[in-house]
Amino acid sequence: MPEETSPERTDFPITLGGKEYTLAFPITAIWALEDATGRKFLDETRSKEEIMVEYEHMSKRKQLEEVVAMLYAGLITHHPDMTKGKAGSFVFLKNLVAIQAKVVEAFNASMSNGEKLPEAEGEGPLEIRPN
């Protein structure tokens with residue numbers, strides 16, 4: 001079994017609502033994420049800084065919608081009956097940061113060219129930031 005830091009690792013366990021699920025971002029999950037958010041992760045040509053500026057200027061609701069969309073897209077490969085509504089029902093403010101961290105870890109592992117979602121210095125990945 002590939003180690004957690006192994007580039008071959010594609011499946012990431014996550015516990016939601018007391019049940020074990022598996023996150024993965026094969027190309028079809030990335031397409032689902034693009035469809036859900038309107039963002040084109042595979043065609044992105046902007047710098048990490050430009051992406052972060054866009055994210056930081058989103059409303060808090062839009063930021064949360066993106067977190068739920070990422071969770072949903074990451075779950076559908078191994079849990080095809082998952083809905084965006086059900087994925088969203090697992091997200092609470094008290095577990096948001098932990099879910100974000102695991103989802104971003106799984107997403108980053110799927111990027112074959114080593115690209116990663118940006119992280120602001122001293123903050124967690126995709127942490128909800130004030131406008």
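The model is predicted: local features need pLDDT of at least 70, side-chain atom pairs count only at pLDDT 80 or more, and totals for chains, interfaces and linings use all residues. Residues are numbered from 1 along each chain as its sequence is written, and side-chain values use heavy atoms, with hydrogens and water left out.

## Aromatic pairs

Let us begin with the rings. A pair of aromatic rings is described by the distance of the centres and the angle of the planes. Here, rings of Phe, Tyr and Trp (its six-membered ring) pair if their centres lie within 6.5 Å; planes under 30 degrees apart count as stacked, over 60 as edge-to-face and the rest as tilted. How many aromatic pairs does a search of the whole structure find? There are two.

Y21 sits in strand β2 (residues 19-23) and F90 in the loop between α4 (84-89) and α5 (96-110), so distant parts of the chain, 69 residues apart, are linked. Helices (H or I, at least four residues) and strands (E, at least two) are DSSP runs, numbered from the N terminus. Y21 is buried at 5% relative accessible area, and F90 is buried at 11%. For these labels, buried means under 20% relative accessible area, exposed over 50%, and partly exposed in between (1.4 Å probe, protein chains only).

In another pair, the ring centres of F25 and F107 are 5.3 Å apart and the planes are at 80°, so this pair is edge-to-face. F25 belongs to the loop between β2 and α1 (27-37), while F107 is in helix α5, so parts 82 residues apart in sequence are tied together. F25 is buried, at 4% relative accessibility, and F107 is buried too, at 2%.

## A nonpolar patch

On the surface, I27, W31 and L42 form a nonpolar patch with about 290 Å² of accessible area together. Such patches are made of residues with over 30% relative accessible area and no salt bridge: like charges are joined within 9 Å, nonpolar side chains (Val, Leu, Ile, Met, Phe, Trp, Tyr) within 5 Å. Accessible areas come from the Shrake-Rupley method with a 1.4 Å probe; for residues, only the protein chains shown count as cover. L42 lies in the loop between α1 and α2 (48-56) and is partly exposed, at 40% relative accessibility.

Helix α3 (residues 60-75) has 16 residues and reaches 23 Å from its first C-alpha to its last, close to the 22 Å expected at 1.5 Å a residue. That expected span is 1.5 Å times one less than the number of residues. Buried residues in α3 include Q63, E66 and V67.

The whole structure holds five salt bridges, each a side-chain nitrogen of Lys or Arg within 4 Å of a carboxyl oxygen of Asp or Glu. The table shows three of them.

| Pair | N to O distance |
|---|---|
| E66 and R39 | 2.9 Å |
| E65 and R61 | 2.9 Å |
| K102 and E105 | 3.4 Å |

E66 is in helix α3 and R39 in the loop between α1 and α2, so their bridge ties together parts 27 residues apart in sequence. Both E66 and R39 are buried. E65 and R61 both lie in α3, four residues apart, about one turn of the helix. E65 is partly exposed at 35% relative accessibility, whereas R61 is exposed at 64%.
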